[in-house]
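Let's take a walk through a protein model together. Keep the sequence and the 3D view open while you read.

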Amino acid sequence: MSGEMRATNGELREKVAGLLAAGQVRVFLGYRAGRTPLRVRPHHVLGPEQADDLVWNEFCAPSLAKYLLDEQEDEGRVGVLVKACDLRATRRLVADRRLDRERVLLVGVACPGMVDARKVESLHPGPIVEAGVRDGKLVLQTSTGEVKELPREEYLLDRCLHCEDPNPRDVDLVVGPEVAPRPARTRDYAEVAEILAMPLAERAAYWDRQFSRCVRCFACRNVCPACSCRECCFDVWEPMWLSREVSVSEQYMFHFTRAFHVAGRCVDCGECERVCPVGIPLMKLNRALQKEIQELFGVERPWDPDEKEPLAMYAPGDPDFH
């Protein structure tokens, strides 16, 4: 952990304890240490004394936005720690009228880029007993005492590579200093172009391979801030849009329905892909639709909740392909 992050931890704990002691929030959503050094878990802070368990480090990748929907069921204001990408998720929920902004206190924290635990574990299998960032390098210590220093930039989440501004704006409070934006990769949709260049049979075979691995756990749906219907069509029996049969055709039904459902509203947070237990590249579907929306409707930033939603409105000049 960098010295700046260590200082931010102290400031965060102090401010959250103060918010709870003053009754400004009923509960605060942040992070606490996870079961392994590469992961954290959500921390629902209910009292000032629990604020000491809060952590902020380079592994705080999960978005806490969807937890707000459950917490909003009870009375009182809810505080939540947000990175810039998490802020887009909360704005998505507000734009969809699923979240009452007045009942949420947003505490922003600048993000230096989150480490992708899956990348680390795939390239360096085996127990890791300690992990952190020092002098810009990812430092791992294994159970055998071996210390590895890795180039941190190569182990960041893909979404961090496209991050334009790591500093959350228009929040209620800020903890820690701002961080300088790194040069963001151009959104050239190269991963989409690669798939579209395949012959149709090869493209179908590619998605068959991906979807055949799906275990239908619904983690992608449950974490998605654009997938927040009070009653999901996949959970009802009448009409039955999706059978309990686990087959490739039913997996297509689930994933394509979900991709079209969030088209034009996906905030590009990549949480669906991050939480997928079998590693299906779901963002390729979402980015293919972002690309179409950009080109067909001229929406410059389709992942921005403040942009127009061309699929949720009608205009006489809309493209007509039929």
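What follows is a tour of a hairpin, some rings, the salt bridges and the cysteines.

First, some ground rules. This is a predicted model, where local features need pLDDT of at least 70, side-chain atom pairs count only at pLDDT 80 or more, and totals for chains, interfaces and linings use all residues. Residues are numbered from 1 along each chain as its sequence is written, and side-chain values use heavy atoms, with hydrogens and water left out.

Let's start with a pair of strands. Helices (H or I, at least four residues) and strands (E, at least two) are DSSP runs, numbered from the N terminus. Strand β6 (residues 137-142) pairs with β7 in the antiparallel sense, over 5 bridges; two strands pair if DSSP finds at least two bridges between them. One example is Val-139, whose bridge partner in β7 is Glu-149. The two strands make a hairpin with 4 residues between them, and Gly-145 in the turn has a positive phi of about 95°.

Next, the aromatic rings. Rings of Phe, Tyr and Trp (its six-membered ring) pair if their centres lie within 6.5 Å; planes under 30 degrees apart count as stacked, over 60 as edge-to-face and the rest as tilted. By this rule there are 7 aromatic pairs.

Phe-218 has another neighbour: Arg-221 lies over the face of its ring, at 4.5 Å from the ring centre. A charge sits over a ring if NZ of Lys or CZ of Arg is within 6 Å of the ring centre and within 35 degrees of the ring normal.

How many salt bridges does a search of the whole structure find? It finds 25, a salt bridge being a side-chain nitrogen of Lys or Arg within 4 Å of a carboxyl oxygen of Asp or Glu. In one of them, the side chains of Arg-26 and Glu-71 meet at 3.1 Å, N to O. This pair links distant parts of the chain, with Arg-26 in the loop between α1 (3-21) and β1 (27-33) and Glu-71 in helix α2 (residues 67-71), 45 residues apart. Glu-71 counts as buried because its relative accessibility is 13%, whereas Arg-26, at 27%, counts as partly exposed.

Last stop: the cysteines. The structure holds 0 disulfides, a disulfide being a pair of cysteine sulfur atoms within 2.5 Å. For Cys-217, the nearest cysteine sulfur is that of Cys-276, 6.4 Å away.

Definitions and conventions: Buried means under 20% relative accessible area, exposed over 50%, partly exposed in between (1.4 Å probe, protein chains only).
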